[in-house]
Amino acid sequence: MSRAGIQPSQQKLAEKLTILNDRGIGMLTRVYNIKKACGDPKAKPSYLVDKNLESAVKFIVRKFPAVETRNNNQQLAQLQKEKSEILKNLALYYFTFVDVMEFKDHVCELLNTIDACQVYFDITVNFDLTRNYLDLVVTYTTLMIILSRIEERKAIIGLYNYAHEMTHGASDREYPRLGQMIVDYENPLKKMMEEFVPHGKVRRALCSLLMVYPRRNLSADQWRNAQLLSLISAPSTMLNPAQSDTMPCEYLSLDAMEKWIVFGFILCHPALNSDAAALSLWKLALQSSTCLCLFRDEVFHIHKAAEDLFVNIRGYNKRINDIRECKEQALGSMHRERRKFLRSALKELATVLADQPGLLGPKALFVFMALSFARDEIIWLLRHADNIQKKSTDDFIDKHIAELIFYMEELRAHVRKYGPVMQRYYVQYLSGFDAVVLNEMVQNLSVCPEDESIIMSSFVNTMTSLSVKQVEDGEVFDFRGMRLDWFRLQAYTSVSKASLGISDHKELGKMMNTIIFHTKMVDSLVEMLVETSDLSIFCFYSRAFEKMFQQCLELPSQSRHSICFPLLCTHFMSCTHELCPEERHHIGDRSLSLCNMFLDEMAKQARNLITDICTEQCTLSDQLLPKHCAKTISQAVNKKSKKAPGKKGEPEREKPGMESMRKNRLLVTNLDKLHTALSELCFSINYVPNLMVWEHTFTPREYLTSHLEIRFTKSIVGMTMYNQATQEIAKPSELLTSVRAYMTVLQSIENYVTIDITRVFNNVLLQQTQHLDSHGEPTITSLYTNWYLETLLRQVSNGHIAYFPAMKAFVNLPTDNELTFNAEEYSDISEMRALSELLGPYGMKFLSESLMWHISSQVAELKKLVVENMDVLTQMRTSFDKPDHMAALFKKLTSVDSVLKRMTIIGVILSFRSLAQEALRDVLSCHIPFLVSSVEDFKDHIPRETDMKVAMNVYELSSAAGLPCEIDPALVVALSSQKSAENISPEEEYKIACLLMVFVAVSLPMFACSVMSQYSPAIEGHCNNIHCLAKAINQIAAALFTIHKGSIEDRLKEFLALASSSLLKIGQETDKTTTRNRESVYLLLDMVRAESPFLTMDLLESCFPYVLLRNAYHAVYN
């Protein structure tokens, strides 16, 4: 290229640098993805692992880049079969390599043009031009290095070309040049060192960093002494704008500068021998890091690579020694101290700005400097921890890294939240100060060509036209055109022989750099945040990322910062590029899965802490249970009676509440530690209401809510302590105490996190009132229902437990086989109320339905016995006034004992249900007194002529509220759902129901001969539970004759007539064994009358003389 033929103003250097840098990042993304795909056996192109193509691939790689298809038909035969598929599937890979070649050509052309134009580079003056130039050099170098790391590159290119030749009869037109490039760049840096010999401008650009890099690469102590990033170190200047002659260099990435220096001086290595300034920069960069980030998680080990390159160059022994010395000095301690300093500096900055967001205007530079410094240190740690053979582990493991990331996120949040504050400040700054100063500078220029003058004037006019009203009206600002014009102007004024040389007007360059920073504060805050604090690199260090998160959770002092990890997942999409759209889904999915995992783990940790607190509180609550006061009462009684004290060795039991007495404020209990850890973690969960990751919204609090629901459900069921093998279960009152203690702790969570804990209670406790929860697991309703039916009521049937009406409880009877539980402790009024509190109306309804199912199965068996004795019972029904005939017929009856036993069981079940219903009514009367009284009023005022269906609906409502009803709706439903035997008409069913009542009535005298039928005034009942028959007879009669539309009153009168006739007969018996408990059995008739809403005393007296009843009562009470 002839230098004389180049017109610098027409070369469009700014545009080319911008486009090529962007395209370079896109090419890096594509080549990186090819490398990763080829390194993964699952993602690798199938042709590279196909056994049939193995020999063909080896042949192609061996001959590469030559193409020989004629003499090797045998090896390439399989290739012939799959040529079309290979062309189709490897095209994307092949043309990516072609694009890399074209990119290389464009870069080389532009570098030659820049050399020909004799462009002046100075990072402190023409910042954009110098930065883009150095970025292009590094991007080009990085691209060629990563390309050389794709081991399968020759196989892919060769396979595609052979398939192309077989299909089209000739090689692809790009293949010869592409193949040669692959061969030439086997050792990319060595080749590029030769290539860059004429590009001396790289050295000039790098040497301009001497004003910036050493000043940025300082130790933590130097930062501390300079009070870097502190807003409060000089209160008098707090409102002064943070200024610098090199504004964009202040937040320029140290990582980027180190890449420029390392790769720049490797490519232009002669400068290291001839220029002391270059050598000092080189050494400083080598001491800072041992590896550089090429792209994402691809790294470059500086010292080894540089040594390998320089070892073959004559006269470079000194440089090799320098490299080795620097490697020894490249320790992590400096970076560790920097991170320590930055943690405190960013915390102070974030705290001050949260209190005084107005300072974001004048001190915006500090914010972006802080973000950039912190980002550099985090990325340094990430790549070194993953790639270095660690000498000092402490330097590469930072348990407090989450704190630094958290303060970065806090600063980012301040910038996003208070963007309008910054816009107002800088709009006024640009129009009121920058425009005036720039105008004066332009006026004072001795020479200003027309093109440059037009651009400068447009800058001044753009800034002058700005006003605060535009911010208030929400107008969208866009200074991208102005910034590109300044970039163009840098290119025009930086070439040799420019009429207006920027090298002679450095103040103008520095002023314009400051103005460009101010424009970014108005229209590009989000882009500035990405530029200075993007940590999307964590996406490619998943293992290290997860390890940091686990360390953060394990350290209680750091758990408050754990939210920074889900927040980092919002960065991931910024690393995607439009030249590689196919990776968007992959990176998006990774960001979603990591964010979900982090939030889930945080919620689990919080849930575990809450569970531990609940366990402690339940233990404390358990100490207050009445059963624990027995010992204290016993000691008090002993003191009064002056009995001798127990053994001296017996320790005095601590009273509940002693744990709250502190002798020392420094004393920390386990509960204190748990509360502290919980408050720290909850701060993190409550830090943001929601966060957006790849167009998905995550709500951290919902994770905690769902985990609390699951754990609360499991805990409630667990606290029942149900053991199926031993049939043990917690007392309802004790479970209720534990649940209340648990709920009190959960309610306190609202002090830490903004969640609706009432919603958790409603979801969990309502599910516990059902048979199964939403996961299909058993609930306390099913456990307690099962226990009361299968354990307590079964033992009643076995004669080990009796129902004591006087105590309204079931009580253990003295038997040979002692029971493992005390029935009274599970069935008295307080326990049944506790059960009602726990199960609620829904749960109690389920309990009732289960009880009714058992009753209906007993009734079904009774009906079978009636059918067996139908003829005899039919005769007995009409012969109750013929004692002798009745006696003869009674002897013909079978299964009399079975009928009485089954009816007694029904009575016991109904007695238990009445206890449960009464307890439910008491509980609901406390919770919803007005509603219960309304239901009661409704039930009590049903007109007698009301249709039975309507009446049953009212009874169902009343029963659900625990109110007793004349006809039990649950029993009616249970009995009516029984399947009738085939060929039995409704009339027959009705007859069986009538005869069942007859059967029971005529069988009652059988009880008189039983020893256990003795009536006990103390318990107001019989030890064999026959007093429960009264409830059974009334409820069964009411239900059966409601179903069969018969008269309940008439049938009960019939029952009374038959029963009294049968019982009067035993009054005439002389055998003492058959009449031993005659009086106790007489009382059953009075109990049936008292229990029934349909029978009266007058009616009873018309059938059975009252004098017998009075004498019976007198006899049993004596």
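User: How many salt bridges does the structure hold?

Analyst: The predicted model holds 59 salt bridges.

User: Pick one. What does Arg343 pair with?

Analyst: Arg343 forms a salt bridge with Glu403, and their closest N and O atoms are 4.0 Å apart.

User: Where do those two sit in the chain?

Analyst: Arg343 is in helix α18, residues 333-355, while Glu403 is in helix α21, residues 401-417. The two are 60 residues apart, and the pair links distant parts of the chain.

User: Is Arg343 buried or exposed?

Analyst: Arg343 is buried, because its relative accessible area is 14% and the cut-off for buried is under 20%.

User: And Glu403, buried or exposed?

Analyst: Glu403 also counts as buried, with 14% relative accessibility.

User: Next one. What meets the side chain of Arg759?

Analyst: The side chain of Glu702 does, in a salt bridge with an N to O distance of 2.9 Å.

User: Which helices are involved there?

Analyst: Arg759 belongs to helix α35, residues 757-768, and Glu702 to helix α33, residues 700-719.

User: What is the accessibility of Arg759?

Analyst: Arg759 has 33% relative accessibility and counts as partly exposed.

User: What about Glu1054 and Arg1051, how do they meet?

Analyst: Their side chains meet in a salt bridge, 3.1 Å from N to O.

User: How far apart are they along helix α47?

Analyst: Glu1054 and Arg1051 are three residues apart in helix α47, residues 1048-1066, so about one helical turn separates them. Glu1054 counts as buried at 17% relative accessibility, and Arg1051 is buried at 16%.

User: Which residues are linked in a network of salt bridges?

Analyst: One such network links Lys35, Lys36, Arg149, Asp297 and Glu298.

User: Changing topic. Which residues of helix α16 are buried?

Analyst: In helix α16, residues 302-310, the buried residues are Ile302, His303, Ala305, Ala306, Leu309 and Phe310.

User: Why are they on the same side of α16?

Analyst: They lie on the same side of α16 because they cover an arc of only 165° around the axis.

Methods. Residues numbered from 1 in each chain as written. Predicted model: local features only at pLDDT ≥ 70, side-chain atom pairs only at ≥ 80, totals over all residues. Heavy atoms only, no water. Helix = DSSP H or I, 4+ residues; strand = E, 2+ residues; numbered from the N terminus. Buried < 20%, exposed > 50% of the residue type's maximum accessible area, 1.4 Å probe, protein only. Arc of directions from axis to C-beta.
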